[in-house]
Amino acid sequence: MHNSFKPIDRVLMGPGPANVHPQVLEALSKPTLGHLDPQFIELMDEIKLLLKYIFKTESEHTFVLSGPGSLGMEACLVNLVEPGSKVIVCVAGYFANRMTQIVSKLGGRVVVVKDDWGRAVDPQKLASALKDNPDTKVVAFVHAETSTGALSNINLLSEIAHKSGALVIADVVTSLGAVDVYVDDWQLDAVYSCSQKGLACVAGMSPVSFSERAVHFVKNRKTQVQSWFNDLNLLEGYWNGPGKRAYHHTAPSNHYYGLHEALMILKDEGIENAWKRHRENSAKLISKLKSQLGLEPIVPDGERIPHLLTIKVPEGIDEAKVRSELLAKHNLEIGAGLGELAGKVWRIGLMGYNSNEKLVDFCVNSLKDVLKK
């Protein structure tokens, strides 16, 4: 007899993945279907409908990529950025910085609008960058910057970008399902997310949505899309084909069962109720960390991602040691700082299935236990 792999049952309160809803884990184990099976095609249609509800969009160009949020990032950029075209990226953290790297690889001309790590994007800076660069074709920004815990006002950023006639790409990886996202009302032309945070599913799927404006651009671009896998024209043939779908890739059907279940759970709760739950539990966590441990978030009030808190590491504390003791003693995973915030913060997530009062107390008590030593 061989020994099957047995993962430890961790409490995942880092920046993602978060713990998966038990009903979702159950859904993953159902019998596999082929990626062109008529029943699987029906499932794809249901997933599309559910995603339109979660994204708050009527766009038919809403579907899932078989890959993580980073694949979604690349898909949005590769379809909307042509070689030589000017792209403004609002950078105030690690993931926006990744956008600039992709734009450079595509031969786009990057203009960076910089803000401090831990702060929201300053809309005035974007407006003046657009004044200096009236030939900007695309403006890209991150809604909830996972590396810093800062939430930007992307409704306003989108409005400013559209005034200059640019297309808008928004990263809603950490925000979708956990904080207000209105794709149509905010006129976001291309958005991408992930499955393992606010949606409480396993990693490896990237929900995306494209506006009619974006699709019109892709259909009329002067150059070919510089990716085979991520070419919107080919992806649409699989997700939106009339009647018979065109084979694109072997979609991971079991993953999609899990996503469908996770989206159904969110729809049953009501997306607005889910947003409220995330806000309330995070407020409880912040107030308990402050009152019981004297720990403070680094992001100013009003600019915080409610469900992903970057907490200042106190003077003289070895932050890595605290994390490894939490893991060893309490089975609790929290995240380290990235980039400019490495060693300076812990990142604590209350996402999806994990956004509940029981885990707020568990996190505070575990930290209390480890810090008192």
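An α-helix has 3.6 residues a turn, so residues three or four places apart point the same way.

This is a predicted model, in which local features need pLDDT of at least 70 and side-chain atom pairs count only at pLDDT 80 or more, while totals for chains, interfaces and linings use all residues. Residues are numbered from 1 along each chain as its sequence is written, and side-chain values use heavy atoms, with hydrogens and water left out.

Helices here are DSSP runs of H or I with at least four residues, and strands are runs of E with at least two, numbered from the N terminus.

At the start of α2, a side-chain oxygen of Asp37 comes to within 2.7 Å of the backbone nitrogen of Gln39. Just after the helix, Lys56 adopts a positive phi of about 60°.

Let us turn to the sheet. Seven strands form an open sheet with mixed pairing, in the order β2-β10-β9-β8-β5-β3-β4; two strands pair if DSSP finds at least two bridges between them. Because β2 and β4 stand at the edges with a single partner strand each, one side of each has no neighbour in the sheet. Strands β9 and β10 pair in the antiparallel sense over three bridges, and Ala190 stands opposite Phe210 in β10.

How values were computed:
Polar contact = N/O pair within 3.5 Å; in protein donor to acceptor, adjacent residues only side chain to side chain.
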